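Thank you for making time this morning.

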Amino acid sequence: INISVFPPSNACIGRYILNMQITSCGHTYQRCLGDFYVLFNPWCADDPVYLDNQAHREEYVLNEHGILYEGVHKHITSRPWHFGQFEDGILDICLKILDMGASYHHGSDRDHCWRNDPVHVSMVVNHMISSHTTNSIMKIPENNDYLKGTKPFSWNGSVPILQQWYNGRCRPVRYGYCGSLASVMCTVMRCLGIPSRVVTNFCFPCSIENPLGINEIFDCTGKNLCGKDKLWRYHCWNESWMARRDLNQCCGDWQCLDPTPLETGRGLACSGPTWVRSIREGELDLDYDGHHMFSRVNSNYVGWLSQTNAKRTKFFCDTWPCGQHLITKSVGSEQFEDITGAYKYELGSVKNKEAYYRAYRRIHPGYCNASNCHIERELSSLKNPFLSDSGINMRLKMANCPMYGEDVQLHWVLENLRSENKNLKFNLCAQIITYSGCPMDQFWKDSVNVTLGPREVKKIPLCISYSQYGPYLCDHNIMKVVAVSDPECGEVLMVSRDIVINRPPVIVKLLSQPRLKVPCTAEISFCNPLQEDMKNCVMTLEGCGLFKEPMTIDLGTLASNQQARTIVEFTPYRLGSHRLLANFGCHKF
């Protein structure tokens with residue numbers, strides 16, 4: 001007897017058991033024929049996650065290899081990530097996540113009736129990543145303290161994280177950051193059949209008091225003071241494709257889901273799903289957490305000088321608007337795709353202003369009947385005046401692309417826009433900034449007197465040596481250089497630049513042709529570029545289809561300019577395209 005099971009498009013996802021009952025001569029027998037899994041089906045036109053582009057299905061459902069984009073908006077870095085949604089045991093782990101989070105929206109999971117709705121499934125997964133009180137998948141370190149766990153940036157893929165959570169009786173894995181949280185969520189969603197991708201937003205505002213404004217405060221030396229507001233250099237979240245029946249959508253579209261718990265005014269919470277198009281249109285009443293997601297790509301930045309008499313003065317400065325660069329991995333390519341236009345219209349356009357006014361009235365109820373001109377005047381009063389309004393233009397340009405161990409070279413370009421001389425005194429400084437905008441140590445200060453003739457352009461070289469920044473960089477490879485004019489000279493001018501210090505490369509070289517179930521060897525090499533020893537050096541290797549578990553190699557101490565070479569052997573156990581990832585860590589990073 002051949003039995004065919006045809007689950008309807010509204011069937012609940014999960015594991016099913018198929019039983020057969022036989023009645024003969026008045027006796028009834030039960031026999032279990034086996035079990036099977038039902039998932040969402042983006043190939044089925046009746047399924048709410050239907051995606052009608054085969055190339056997109058291959059990228060957003062079937063592809064196990066991803067890329068995380070980090071750094072700053074003027075220097076984007078990338079690193080590979082293994083999603084591993086087809087690895088052994090991952091599907092059972094994903095269903096366990098649904099079991100553990102079932103009570104989040106429904107109080108009881110007796111009938112599993114919500115499991116045919118990708119909206120509710122995505123909300124449960126989003127909550128379980130890091131917001132569940134006791135059984136969330138990952139924890140974020142408090143105050144950047146991760147001595148009791150794994151360094152957040154040392155993970156290469158989702159599989160070890162999910163396995164550690166499952167094998168550890170569903171206790172949170174220590175530690176993660178926004179990139180790993182969004183990537184783990186992407187793995188779970190793809191495994192369940194929901195097309196998903198990781199998005200990076202550069203210049204991400206995190207403000208508690210004003211949803212559409214973020215304030216950064218500096219002292220007269222240019223040091224960034226730790227305030228309530230934070231300007232994250234980048235932030236990662238997840239997008240999933242589905243038709244929102246709750247919004248009467250007949251076709252699928254991208255929905256924004258942010259699993260990182262952020263301050264929302266009602267405590268720490270994840271956000272979404274939010275229809276990406278509703279963010280662009282400013283239709284904030286339409287969806288879950290719409291006002292939070294809108295503010296994260298549309299906030300206004302304001303820089304302030306804090307003076308000794310508790311007085312604050314706005315800088316004359318040219319600021320980069322928040323949320324002006326959102327990217328994700330391109331379909332079938334290693335390059336990134338700019339998707340900023342999906343979240344907001346072109347800055348300054350009529351449609352962009354209309355969406356902003358619409359959202360402003362919903363976020364600030366006191367302005368619900370205000371005219372556009374009234375809102376525009378209010379916004380203008382909050383912004384920093386431009387540098388050109390003071391008669392001076394300034395910018396900090398990189399003269400090199402520094403790597404660990406190399407000096408940072410900059411050109412400070414000043415231009416006098418007026419027909420009279422300008423005599424100014426500037427204070428300069430550099431300090432470490434975490435990716436989440438927390439100011440760390442200020443390690444370099446200087447003072448410079450600048451004289452500019454009428455219409456003169458002057459280029460001043462700046463150099464920050466490795467001996468100055470090296471002891472402070474640690475795991476945070478971002479520094480901020482600031483130049484602030486002395487308040488006694490009149491108008492307070494400010495220019496700044498975020499700088500990424502690149503980590504030295506790890507080189508992977510295959511020594512034999514990989515074949516299924518045949519041992520293969522590869523050479524992994526790394527050179528210490530510093531003029532000092534690197535201690536506690538560890539190499540972590542990972543590869544879906546190549547290693548059942550990550551391989552850790554202890555390299556001990558590497559002397560200055562010493563090259564470490566390691567030969568590893570592995571046996572590919574699965575057909576397909578695979579990627580061998582090597583991650584190097586030491587006491588420096």
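Let me begin with a definition: a patch is made of residues with over 30% relative accessible area and no salt bridge, where like charges are joined within 9 Å and nonpolar side chains (Val, Leu, Ile, Met, Phe, Trp, Tyr) within 5 Å. Accessible areas come from the Shrake-Rupley method with a 1.4 Å probe, and for residues only the protein chains shown count as cover. Please keep in mind that this is a predicted model, in which local features need pLDDT of at least 70 and side-chain atom pairs count only at pLDDT 80 or more, while totals for chains, interfaces and linings use all residues. Residues are numbered from 1 along each chain as its sequence is written, and side-chain values use heavy atoms, with hydrogens and water left out.

On the surface, Ile-1, Ile-3, Val-5 and Leu-33 form a nonpolar patch with about 450 Å² of accessible area together. Ile-1 sits in the segment before β1 (14-24), where helices (H or I, at least four residues) and strands (E, at least two) are DSSP runs numbered from the N terminus. Ile-1 is exposed, because its relative accessible area is 96%; buried means under 20%, exposed over 50%, and partly exposed in between, with a 1.4 Å probe and protein chains only.

Now to the charges. A salt bridge is a side-chain nitrogen of Lys or Arg within 4 Å of a carboxyl oxygen of Asp or Glu, and by this rule the count comes to 17. One of them pairs Arg-244 with Asp-246, the closest N and O atoms being 2.9 Å apart; Arg-244 is buried at 0% relative accessibility, whereas Asp-246, at 40%, is partly exposed.

Another joins Glu-334 to Arg-579, with 3.3 Å between the closest N and O atoms. This pair links distant parts of the chain, 245 residues apart, since Glu-334 lies in the loop between β15 (325-329) and β16 (336-338) and Arg-579 in the loop between β28 (563-570) and β29 (581-585). Glu-334 is partly exposed, with a relative accessible area of 47%, while Arg-579 is buried at 19%. Salt bridges that share partners also join Glu-216, Arg-233, Lys-480 and Asp-498 into one network.

Arg-497 lies in strand β23 (residues 494-500), and its side chain reaches the backbone oxygen of Leu-396 at 3.0 Å. That is a polar contact, a pair of N or O atoms within 3.5 Å; within protein, one must be able to donate a hydrogen and the other to accept it, and residues adjacent in sequence count only if both atoms are side-chain atoms.

Finally, Ser-299 is in the loop between α8 (290-298) and β13 (300-306), and it is buried, with a relative accessible area of 5%. Its side chain reaches two backbone oxygens, that of Pro-211 at 3.1 Å and that of Ser-295 at 2.7 Å.
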